Amino acid sequence: MFYNISSVNDSRGTIFISSRLTSGSIFVNVNGVTLCAGLRSMSARVSVQHDLMENEILLSKDIIDYLMLPLDIKYQVKFDSHSIKLGPVIGLLMSESFDMLTRRRLKDLLTYCLIYPEVHGLILAISEKDIDFEKGLVKGYYYSPNLKEAALPWKEGIFPLPDSIFTRIYISDDTRLNLQKVSDNGLFNSKYFNKWEFWRMMTKFKAYCGFIPETKRLYSIDDIDHMLSSFSSVYIKPTNGTLSRGLYMIKKDNENYHVEDKHGDKIEHTDSREEVQKFIDDILSGRGYLVQQALEPIGFEGRHVDFRVIMQKNHSRMWNCTTIIAFAGRPGEICSNWGYTLKFEDILEKYFHFSQQEIYLKKQEIISACRTVCGILEMTGENYGDFGFDVVLDKDFKVWILEANKRHFHTVPLWNNDEETYYEVKANTLRYATALDGFKVY
Amino acid sequence: MFGPCIGILSDQRDSSITKTTLKEASMNALDYASIKGAMILFALDKVNKVDQLIEGYCYNPKNDSWERGRFPYPLSIYRKITISDEWQNHFLSVIGDTVFNNYFFDKWDMYRWFSKELNLLPHIPETTLFEEKRNITEMLEKYNVLYIKPSQGMKGTGIVKVIKENQKITFMHRADDKNIEVTTEGENDFKAIVGKLFEPGNYIIQQGLELISFKGGIVDFRCAMQKNEAFEWVCNGIFARTGAKESIVSNISDGGTALPSLELMKEIFNLSEIEAFNMKNSIISVCSKACMALDEYGLNLGTLGLDIGIDKNRNIWLIEINNRRPHPRIALRANDIQSYYAIMSGPMHYAKALAGFRYKEVDDHVL
């Protein structure tokens, strides 16, 4: 249920609730409760009123002032015997400083609020520098859907620090650890890991991860030779890269090497061992690299196909697949970003003649592999709710997971003209944030 | 243990289990790879209460077949048929509250429950039970259009539309693909037709809604709401149905068609993508509220088909809930076969969780 909250001037430290609530299944200790909103809390007396509507709550003005709650919006209320929690209070930590929460940024953030009618409460756009850990407050904007006249339904103010926070920016380790601590791990998707760290986490659970290609850290040509003794070709890729930047393919014919860039063009002077060693020394001087078993992904018309699988938690706090999008590369290239996109179902039906049932089962297989990876990543204790996986199917349609991206492009469905799924991606993060805060999504 | 032992109670009698029954159950078992364990299909007359054993069929995923055998009681049961309270209590005492959908409610039950829910009230058409003709005249004082429906009826059969114009009252219903109209003018006329059409206690009288129409047929939306492994309700499909032209109901069995819901909303209301997304979510939201309310009454439900109407002012109305066998064939008619598979395998995910393989503990303290 969504509650209207009003302020009462002639009382102190009291919350007034309807007798209809206490006559039902709710037990409230009338002698005193802890009243919380986000990370602010105070003790209050409870007064049960007969003339209040079920969905009406009154708070003494001193409580409102302390909790810093705007009253032009509705809230959910969570009753325990000794505490009453108003919420959800959700933070969208999307900028470094308050000034950087520009009109444009705020406008972009509106897509997260499309499902506001299902959750209500305080949705905050906040920045890293404006968090006051000591007081448990934050300066920012709250979403106020009642602002009809104004161009942007965001209002500036100081609010309780949220206990459920979603971020898609880089924040300092200090802030991250602090937020994790005060919010009881309510900060999600904050911890960055690169490709190498990803592989190291996966390899601890090798028995469950037959879908992760063999990977090594690249130090010298010995690592490549070693991998080439098991696989006919290998990829080398930067540990931190995205979008196939700096990707090369290497294979070996007797003692002759062959190196191609991501466009499938041969790199000159990389035939002998010495030349390849020199080539590797050059690229390693700038950044860390990995060497990975090359896969032969499915393709059509000379195009490689790979998949972006968006896995998100929703209100059930369970990993679900929001969508799978296929990328078809340009003919002849060894990577598939970013030629054009297609629906997963369409590509398997049209080019690989899968039946609808086979498509469904393949999809379940992919989702199940991704869920396993999600579970492993969470074993570190980090809270995640939103991943974009890079997945390929090899010539035997075996599933391989190459990478898990935390700040994946939410806009990928739009490349396919699928606006609905784009909004769904945004909505799921808010659904998860609400559930994480202990509130319901209606 | 590597997986749950799940039961599918499909028939009263073992002799009625046909190839079709098993084929349909194979669709339920489609996502076996993520359920695992044993799935056992059985009929009520092969349940041995004394030894607590059942004779039925166990799913063999290797060749997608069902193998006859004797098995212990499953840990949870997806119930597709009505069973007596005695059976219900038997299973409750032996395997616990893990039988779903465990309660079949009718339209009148639904109204009595939901009219007490503040957040559902705006979405429930006013309804009274038909006991005497006075109930109809009283409703006609408030509304010019009424629908009178059998409280247990399904698929739009037996629905009568009542229209008051000046002093005339017209009763319209559908038989043999034709609309039959009877107009009454005097008290005696009215009494006679009411007496002929409606049996006291078995019909409900519902406020008439001006639902949107498409190409001359009334439109409503069927939402497949299912509980997942975390015991949360999710919508696994939403389909628009349009009734036959001029028909008073929007049921496909009466010659209508099924369409993808979002496309139809966009077309009817001339909506942008974002508005269509919002409308779809508002519909799902009403369904979620209704499902959560049913949970609070202590029913154990896992798969429901909710019928939603939208009126010309874009108000959302919960028209009825199908909880007997909410067949997802509508997904096939809407040409959404992937949703069909998801809906068919949905109950097994919930059954798995009920059998003790629940995804995660969730809080239930928000009211």
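Q: How many residues does chain A have, and what percentage of them are buried?
A: In this predicted model, chain A has 442 residues, and 43% of them are buried. The C-alpha trace of chain A spans about 90 × 50 × 45 Å along its principal axes.

Q: How many helices and strands does chain A contain?
A: Chain A holds 12 helices and 24 strands. Contacts can also be sorted by distance along the sequence: of those in chain A between residues at least 6 apart, 65% join residues at least 24 apart.

Q: Into which domains is chain A divided?
A: The assignment gives domain 1 (4–87), domain 2 (89–188), domain 3 (214–293) and domain 4 (299–408). Take domain 1 and domain 2 of chain A as a pair: their centres, taken over C-alpha atoms, are 24 Å apart. Their contact draws 13 residues from domain 1 of chain A and 17 residues from domain 2 of chain A. On the domain 1 side, these residues are seven nonpolar, three polar and three charged.

Q: How do I read a sheet, and in what order do the strands of the open sheet with β8 run?
A: Read the order of the strands, then the sense of each pairing. In chain A, six strands form an open sheet in the order β11-β10-β9-β8-β12-β13, with mixed pairing. Its edge strands are β11 (154–160) and β13 (187–188) of chain A, each pairing on one side only. Within this sheet, β8 (residues 89–95) and β9 (residues 122–132) of chain A pair in the parallel sense over six bridges. At residue level, Ile90(A) has Ile123(A) in β9(A) as its bridge partner.

Q: Which residues of helix α7 of chain A are buried, and why do they line one face of the helix?
A: Helix α7 (residues 221–228) of chain A has Ile221(A), Ile224(A) and Met227(A) as its buried residues. They line one face because, seen down the axis of α7(A), they fall within an arc of 120°. These buried residues pack against β14 (215–217), β15 (233–238), β16 (248–253), α8 (273–284) and β18 (289–293) of chain A.

Q: Is Lys85(A) buried or exposed?
A: The test is a count of neighbours, with 20 or more other C-beta atoms within 10 Å making a residue buried. Lys85(A) has 25 other C-beta atoms within 10 Å, so this lysine is buried. Lys85(A) lies in strand β7 (residues 83–87) of chain A. Leaving aside neighbours within four places in sequence, Lys85(A) is in contact with Cys36(A), Lys78(A) and Gly438(A). By contrast, 47 Å separate the C-alpha atoms of Lys85(A) and Glu358(A), which are 273 residues apart along the chain.

Q: How is an interface read, and how many residues does each chain give to the contact between chain A and chain B?
A: The size of an interface is often given as the accessible area lost when the parts come together. Here residues are counted instead: the contact takes 31 residues from chain B and 29 residues from chain A. On the chain B side, the elements giving two or more residues are α2 (32–35), α8 (273–296) and α10 (337–354) of chain B. Of these, α8(B) gives the most, with nine residues. By class, the chain B side divides into 14 nonpolar, 10 polar and seven charged residues.

Q: What scores does the model have, and where in chain B does pLDDT stay under 50?
A: The model scores ipTM 0.88 and pTM 0.91. Chain B averages a pLDDT of 88, with 91% of the residues scoring at least 70. Over residues 361–367 of chain B, pLDDT stays under 50, and the model has 16 contacts beyond four places in sequence for this stretch.

Definitions and conventions: Residues numbered from 1 in each chain as written. Chains lettered and ligands numbered in written order. Predicted model: local features only at pLDDT ≥ 70, side-chain atom pairs only at ≥ 80, totals over all residues. Domains from an automatic or database assignment. Contact = placed C-beta atoms within 7 Å. Nonpolar A, V, L, I, M, F, W, Y, C, P; charged D, E, K, R; others polar. Buried ≥ 20, exposed ≤ 12 C-beta atoms within 10 Å, placed from the backbone. Helix = DSSP H or I, 4+ residues; strand = E, 2+ residues; numbered from the N terminus. Arc of directions from axis to C-beta. pLDDT = per-residue confidence, 0-100. Pairing = 2+ DSSP bridges.
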